Amino acid sequence: MTVNLLDFDLNGLAAFCERLGEKRFRATQLFRWIHQRGASEFDQMSDLAKSLREKLKTCATIQALPVISEHQSSDGTVKWLFDVGAGNAVEAVYIPEDDRGTLCVSSQAGCAVGCRFCSTGHQGFSRNLTTAEIVAQLWFAEHTLRERLKTTDRVISNVVMMGMGEPLQNYSALVPALRVMLDDHGYGMSRRRVTVSTSGVVPMMDRLAMDCPVALAVSLHAPNDPLRDDLVPLNRKYPIDELMEACNRYLEHAPRDFITFEYCMLDGVNDQPEHARQLVDLVRRHARSGVWCKFNLIPFNPFPASGLLRSGAPQVAAFAKLLSEAGIVTTVRKTRGDDIDAACGQLAGEVQDRTRVVERMAKRRTIAIQPAGSMAQSHKEA
């Protein structure tokens, strides 16, 4: 049985080479060839002993994900749809800026969290990606872009785990992938330039702080538990105050001295002045010394199944002003790639609805409009 070497961080690759009777420095050479130079064939690795190259051909491969499609936006954003088998596909998005190049990477085929404003969540969950499938998105994008731009310099400077899926629900595959990104023999990224986004899986936030602390972004989207319960169902398990305490614990180990709170602006739902004032109270209630958090207000990208609308620009500006005047650092995310469905919350690919999420949401709406007398019976049946 052959193994995909994209599945290994450097320690994992060293252990694999040891099983082949090779010393650790061979693993380092191999790791550099794969990640720094983008080699996919062992014969390209000229400083490896021929005997090792022949051995590797019998038991290992460097396997990229098949590309189903590629779309380029008018703003330079590039979206790739990758085939991960069994009818599932995942997407990665490259966002070029003047001072950096950011790759948005997926961690799951679909997503089980089911946030109301996210089209990926509406398609349901299929499976976790392997470490190789996570790393392959970066490996392919980095070396494809280098070739197109005719450069040997690194093109991707930042990675955000903000693609399809909840990264912390795929923890065992996520951490080795992060280590590949951070390793000086791999992509050599700074911990400050690798960001994991989470909807608030509190126990895994604590584990990440111990195992591989990188920058953290938390999908907040509401200032109180009742509203967040509706928008981000995971809140029913890990409510806001518990989440905030976990954020403060994470900061003791984080490479940055602040947490980024992502806040999707939904017209008439979470964008009113009272919501901004509640956020100010929330931040102050959990405040540390200095700036401990920043807010990133995200324009909602509507899709038919959500039943939600984007907040108007004046409403977003007024909301941002209230937060800023309270001393909270606040930015409004610039929408990128929306003409190719590559903007935040739009990554849906061609993954099938394997969890009947549309049917379940319709049932929830039916229950919500039942007369009070019939509600208890509905809950009993559920």
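Reader: Why does Lys150 count as exposed in this predicted model?

Author: The relative accessibility of Lys150 is 75%. Exposed means over 50%, so Lys150 counts as exposed. Lys150 is found in the loop between helix H5 (131–149) and strand E9 (158–161). Its phi is near 55 degrees, a positive value in a residue other than glycine.

Reader: Why does His221 count as buried?

Author: The relative accessibility of His221 is 3%. Buried means under 20%, and His221 therefore counts as buried. His221 lies in the loop between strand E11 (215–219) and helix H8 (225–231). His221 is not a glycine, although its phi is positive, at about 70 degrees.

Reader: How do you know that the span of helix H10 agrees with what it should be?

Author: Helix H10 comprises 13 residues, 273–285, which at 1.5 Å a residue should span 18 Å. The end C-alpha atoms of H10 are 18 Å apart, so the two values agree.

Reader: Which residues of H10 are buried, and what puts them on the same side of H10?

Author: His275, Ala276, Leu279, Val280, Leu282 and Val283 are buried in H10. They cover an arc of only 160 degrees around the axis, and therefore lie on the same side of H10. An α-helix has 3.6 residues a turn, so residues three or four places apart point the same way.

Reader: What covers the buried residues of H10, and which exposed residues does the face turned away from the buried side carry?

Author: The cover over the buried residues of H10 includes H8, helix H9 (240–251), strand E12 (259–265), strand E13 (293–299) and helix H11 (313–325). The face of H10 turned away from its buried side carries the exposed residues Arg284 and Arg285.

Note on methods
Residues numbered from 1 in each chain as written. Predicted model: local features only at pLDDT ≥ 70, side-chain atom pairs only at ≥ 80, totals over all residues. Heavy atoms only, no water. Helix = DSSP H or I, 4+ residues; strand = E, 2+ residues; numbered from the N terminus. Buried < 20%, exposed > 50% of the residue type's maximum accessible area, 1.4 Å probe, protein only. Expected span 1.5 Å × (residues − 1). Arc of directions from axis to C-beta. Contact = heavy atoms within 4.5 Å.
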